[in-house]
Amino acid sequence: MVDPTNTRPIEEDVVRDFGTTMSYGQYLNLDKLLGAQQPVSEPENHDELLFIIQHQAAELWLKLVLHELRTAREHLAGDRLQQALKGLARVKRIQHTLTEQWSVLATLTPSEFAQFRGFLGRSSGFQSYQYRAVEFILGNKNVEMLEVFRHEEHAHALLSGLLGQPSIYDEFLRYLARRGYQVPAPLLERDVSHAHTYVPELVPVFRKIYESVAENWDTYEACEELVDLEDNFQLWRFRHLKTVERTIGFKRGTGGSSGVPFLRDALDLTFFPELYAVRTEITR
């Protein structure tokens, strides 16, 4: 029977008094979270709230990505491959969410963005230290980035720490070596503060894994998880580039970059080059 009042009674046991217990809003610190959107345009522009929330939401997801990648790296260092892969699987889901978010920002037309872009000053997504931290832990390290964050003590300390720590790929190669795979010794002793670059001598190691899948299933699965991770990252970069191109064309970035050309150059960066190179070598 249809309720003519079109209401649902609150059940008797539903908690109503939060004088002595924690509420949902208190647990999530919603007052602070929902009060963090502070448009700077004058008069306040309607579309600026979208721009702020888009980037704040991305930063929350990046915080979780970094959390999961750090733990996955620890699992690899402790020879707990399956636990590491579980963490990477979660990161991949987050990456899909981050990539899809660009479709929301793409609803911001050039004329709409132009109305408040000037109020952003020199602030830019280029200055996202969590994004740089994710790049660092995946292997795209660049000591010059530290200069951008010298004014932010926490950000500078975070990136400085990650610069000197092994990347996910470094730890994976060390794991393979402990498992008996013939990883070239220089890779195990390299200066991890530099970005990993292509090492052709590593390709035969992966060729052995890919051409003998049954005997190397766990490491084969790990290789494919890493490739998924990089594919997803590149898709995010590409959607970023196309959203920027759609919104501001070829204007320079507010942070001083060349804009679209700068973002396009990032598509040439790679985390795990040998995992792509091996595909040319697989014969059976």
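How many aromatic pairs does the count come to? The count comes to 14 aromatic pairs, where rings of Phe, Tyr and Trp (its six-membered ring) pair if their centres lie within 6.5 Å.

The model is a predicted one, in which local features need pLDDT of at least 70, side-chain atom pairs count only at pLDDT 80 or more, and totals for chains, interfaces and linings use all residues. Residues are numbered from 1 along each chain as its sequence is written, and side-chain values use heavy atoms, with hydrogens and water left out.

**Aromatic pair F51 and F116**

The ring centres of F51 and F116 are 5.7 Å apart and their planes stand at 70 degrees, so this pair is edge-to-face (planes over 60 degrees apart; under 30 is stacked and the rest tilted). The pair links distant parts of the chain, 65 residues apart: F51 belongs to helix α3, and F116 to the loop between α5 (110-114) and α6. Helices here are DSSP runs (H or I, at least four residues), numbered from the N terminus.

**Packing of α4 and α12**

Helix α4 (residues 81-105) packs against helix α12 (residues 217-248) at an angle of about 15 degrees, and their axes are 9 Å apart. Axes are lines fitted to C-alpha atoms over the stretch in contact, and angles run from 0 to 180 degrees between N-to-C directions. The two helices, α4 and α12, are therefore roughly parallel to each other (angles under 35 degrees). The contact of α4 with α12 has 14 nonpolar, nine polar and six charged residues. In these classes, Ala, Val, Leu, Ile, Met, Phe, Trp, Tyr, Cys and Pro count as nonpolar, Asp, Glu, Lys and Arg as charged, and the others, Gly among them, as polar.

**Cavity and pocket**

The structure holds one cavity of 30 Å³ or more. On a 1 Å grid over the protein atoms alone, a cavity is a set of points where a 1.4 Å probe fits but cannot get out, a pocket is an open set with protein on both sides within 12 Å along at least five of seven lines, and lining residues have an atom within 4 Å of a point. A volume is the space filled by probe spheres set on the points.

| Space | Volume | Lining by class |
|---|---|---|
| Largest cavity | about 130 Å³ | 11 nonpolar, three polar, no charged residues |
| Second largest pocket | about 220 Å³ | five nonpolar, two polar, one charged residue |

Of the 14 residues that line the largest cavity, L62, Q95, L98, V134 and F233 lie nearest its centre. Two or more lining residues come from each of α3 (48-77), α4, α6 (129-138) and α12. The second largest pocket is lined by L33, A36, Q37, I53, Q56, A57, E59 and L60, and α3 gives the most to this lining, with five residues.

Terms used: Angles under 35 degrees count as roughly parallel, over 145 as roughly antiparallel, 65 to 115 as roughly perpendicular and the rest as oblique.
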